[in-house]
Amino acid sequence: MAKIKLPAPPSNPLVSPKRPGKKYGPSGPLEHAEEGAVSAVGWIDERTSLSGGLRWMMFRKVPKGTNWFYTLGSSTMFAFLSQAVTGVFLAMYYDPSATRAYQSIQFINNEVFLGEFVHAMHRWGSSVMVILIFLHMGRTFFFGAYKYPRELNWVIGVALLVMTMTMSFSGYLLPFDQRSYWATIVGVNINGTGPLVGPYLSEFLRAGPYFGATTLSRFYAIHMLLVPGAIAALMGFHLYLVAKLGTTAPPWIRAKAPEALREEKIPGDS
Amino acid sequence: MNKKQKEQYLRDYGTLKAQGKPFFPYAVAKDSAMAVIVMIVIITMSILLGAELGPKADPTSTTYTPRPEWYFFFLFELLRVIKPPALVPLATIGVPTICLILLFLLPFYDRGPERRPERRPIATTAGIFVVFAIGYLTYLGAAAGPPTEIDIPVPANVRTQGTTAVANFKAGEQVVAQSGCAACHKFGENGNSGPGPSLTRVGARLPAQAIQRTLINPTAPMPSFSSLSEESPKQFQQMVGFLAALK
């Protein structure tokens, strides 16, 4: 009977073959853990090819002269992330009904561990995010960074600005105290005077012709589902375009041809 | 930008980019440092300023101040700066809408190849003007007087009608003051001149009936006082009486 050669079983991870440059295979728990991590990353990458995208994102070059003004965009995103995290914790206790909203905020402030701190972080974080987004826009404007080929990214950025302001407006009602209630009524009325869509917009915001019980839950849905989702999606696209087109160099930095191309320099020429 | 300028830009940018540093770790380090600063600022503000809660929202209450968050002050103040009532829709939505459209379309009408701020005098001047305008309007909004203070001398015709008329006038003045009408209307020396018209002599322009109708069914953005007229008709009548007596 002929001997059938069976294929070798998958190698035992504890006696895996030695790696090039090493005398033995992994030995000791640390090296095995390292080996395991490498193979897990390899497993995911084999199926998703994410490493190429990550390399493309992280190891792209930023042009010469990039300075601290170029951190304003990422810090706006960071402020948004902070708002998202603190917002999730507030949503765990908040109750968007006209009768219980105020009590639930009181409960957050007085009873929940670090409740008032997280509430305050969310409240003042919104101011910080608005300031940062305006500074980021100012930098883009004064550096002429919205020009070819980045026009589309400017348009997305303005949409993100409008959405950030919508977040502030819709969030202002949620504590449901006197200030937020009446300021929102006046704000919605101001919206109502707008051309064409104005009356429809304010009726949509109020969930009817008058401020009612459903208005608060509508503002809540806008504030924590509709607009943040749109912001996250547009922010992703904004970032993709930044990585694809590259960040601008400061406008006063002039491109100098690399040395190799300057060999034909005429002597005496500056 | 024409085709040649676009190519020139892409070439120059390619050179600058080739001479630059990789995003990771150089730009990431700066971004992370900035993120830490942002976090410190937010935490410091929340510890120092807290999240105080005002009194509970009360649709029937008359004591309130419609004041938006500070970064909406400039939009709110725009209503005060543009006075004539016919132009109010223009101020409320017209100007912001036009500004927003101009902002959206900026890269499509400013197509010049120049990027240095000092060589784009129109764009830079316009930008600085907008920054100062927003700053000034925000300052005006922050400095607006408290809207719950009205001090108007009792008119002569009320004084001649006896002490009850004067008492009613004073009571009405208090209701109007507590209702925050002065946030948007001027009363003699008090209140803000806009978005609403001055009420210093409203009684001479409108009879009491018309004032009452306006309070119940106002033109936007003024809030309606119909709930006050249902909850406490006496206070509402004092309010109407006070306004009608302003001549």
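Predicted model: local features only at pLDDT ≥ 70, side-chain atom pairs only at ≥ 80, totals over all residues.
Local features were kept only at pLDDT of at least 70 and side-chain atom pairs only at pLDDT 80 or more, while totals for chains, interfaces and linings use all residues. Residues are numbered from 1 along each chain as its sequence is written, with chains lettered from A and ligands numbered from 1 in the order in which they are written.

Let's start where the chains meet. Here 63 residues of chain B are in contact with 71 residues of chain A, contact meaning C-beta atoms, placed from the backbone, within 7 Å. On the chain B side, helix 2 gives the most, with 15 residues; helices (H or I, at least four residues) and strands (E, at least two) are DSSP runs numbered from the N terminus. By class, this side has 38 nonpolar, 12 polar and 13 charged residues. In that count, Ala, Val, Leu, Ile, Met, Phe, Trp, Tyr, Cys and Pro are nonpolar, Asp, Glu, Lys and Arg are charged, and the others, Gly among them, are polar.

Next come the cores. A nonpolar core is a set of buried Ala, Val, Leu, Ile, Met, Phe, Trp, Tyr and Cys residues joined through C-beta atoms within 7 Å; buried means 20 or more other C-beta atoms within 10 Å, exposed 12 or fewer, and partly exposed in between, with C-beta atoms placed from the backbone. The largest core has 50 residues, and A:Ala79, A:Val128, A:Met129, A:Leu173 and A:Phe176 touch the most other members. Helix 5 of chain A gives the most to this core, with 11 residues. A second, separate core of 24 residues includes B:Phe187 and B:Phe242.

B:Phe242 also turns up where helix 8 of chain B meets helix 12 of chain B. These two helices pack at about 105°, with axes 7 Å apart; axes are lines fitted to C-alpha atoms over the stretch in contact, and angles run from 0 to 180 degrees between N-to-C directions. The pair is therefore roughly perpendicular, a label for 65 to 115 degrees (under 35 is roughly parallel, over 145 roughly antiparallel, the rest oblique). Helix 8 of chain B also holds B:Lys170, which counts as partly exposed because it has 14 C-beta neighbours inside 10 Å.

Technical notes: Contact = placed C-beta atoms within 7 Å.
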